[in-house]
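My notes follow, entry by entry.

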Amino acid sequence: MSYNLLKGKRGIIFGALDENSIAWKTAERVHEEGGTFVLTNAPIAMRMGSINKLAEKTGSKIIPADATSVEDLENLIAGAVEELGGKIDFVLHSIGMSINVRKGRHYTDQKYDWTQKGTDVSAMSFHKTMQVLYQKDAMNEWGSIVALTYMAAQRVFPDYNDMADNKAYLESIARSFGYFFGRDKKVRVNTISQSPTPTTAGQGVKGFDGFIAYADKMSPLGNATAQDCADYTVSLFSDLTKKVTLQNLFHDGGFSNMGVSDAVMEAFVEKEEQ
């Protein structure tokens, strides 16, 4: 159902890879709510995915950009403002990558040049994006910038590896830059801490299926899906949340406040009794 929550609003959506992507689902929902946007991803990710299909469906232009390159980001933002006919109202940063995770390198045996690359892609790119938007005065007042994160930034999930550090850094950037963006430009900056979600990127984490099953049993409302996250992101892009900023917003069916659940205890007891 559409409520025209984003009618007349313009934005940039990073990270749509395929139909499983939260960014992909968000782009579809933004389109349904009347928003227009530019899609972007790194050239290598675009070759791996099917972003052209999404662009055609939503009537959007694709502007490739390496989010770790300030020059690429400057070209992206200038191109988006020109294509959309004005300043930006919303931005979704849905980017994350760990070479250590991808190549099975344990947290206690990291290859640090891989670590630095992952940090640059997963977290520093968020600072670079906001810095360009800020310095170019490319955001409208009461605009909204959202990045996706995971609660491994606060709690230990051993196989999440250095991505946990990347997400902690990402959340810190949101708060720190969000202060200046709010004070100077009336732009809000938040992160959404999403349930483990079976995206193409997420499935690269060892034991990810176990993550999903455990979180679903722990959460009183069950896991939030990619579609649920898209809906929530739309609410943060809308004028209904104009005074929400500097927040790490848990969108996880209640998982983040749970110690244990009946379902988890029952599964544990059953195993012990076998």
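Entry one, the cavity lining. I find Tyr150, Met151, Ser193, Gln194, Ser195, Pro196, Phe250, Asp252 and Phe255 around the largest cavity. I took a cavity as a set of points on a 1 Å grid over the protein atoms alone where a 1.4 Å probe fits but cannot get out, with lining residues having an atom within 4 Å of a point. The lining holds 5 nonpolar, 3 polar and 1 charged residues. Here Ala, Val, Leu, Ile, Met, Phe, Trp, Tyr, Cys and Pro are nonpolar, Asp, Glu, Lys and Arg charged, and the others, Gly among them, polar. The largest cavity has about 40 Å³ of space, a volume being the space filled by probe spheres set on the points, which are joined across faces, edges and corners. My search of the whole structure gave 1 cavity of 30 Å³ or more.

Basis of my notes. The model is predicted, so local features need pLDDT of at least 70 and side-chain atom pairs 80 or more, while totals for chains, interfaces and linings use all residues. Numbering runs from 1 along each chain as its sequence is written, and side-chain values use heavy atoms, without hydrogens and water.

Entry two, aromatic rings. I count 11 aromatic pairs (Phe, Tyr and Trp rings, the six-membered one for Trp, with centres within 6.5 Å; planes under 30 degrees apart are stacked, over 60 edge-to-face, the rest tilted). Tyr150 and Tyr160 make a tilted pair, 5.1 Å centre to centre with 55° between the planes.

How values were computed:
On a 1 Å grid over the protein atoms alone, a cavity is a set of points where a 1.4 Å probe fits but cannot get out, and a pocket is an open set with protein on both sides within 12 Å along at least five of seven lines; lining residues have an atom within 4 Å of a point.
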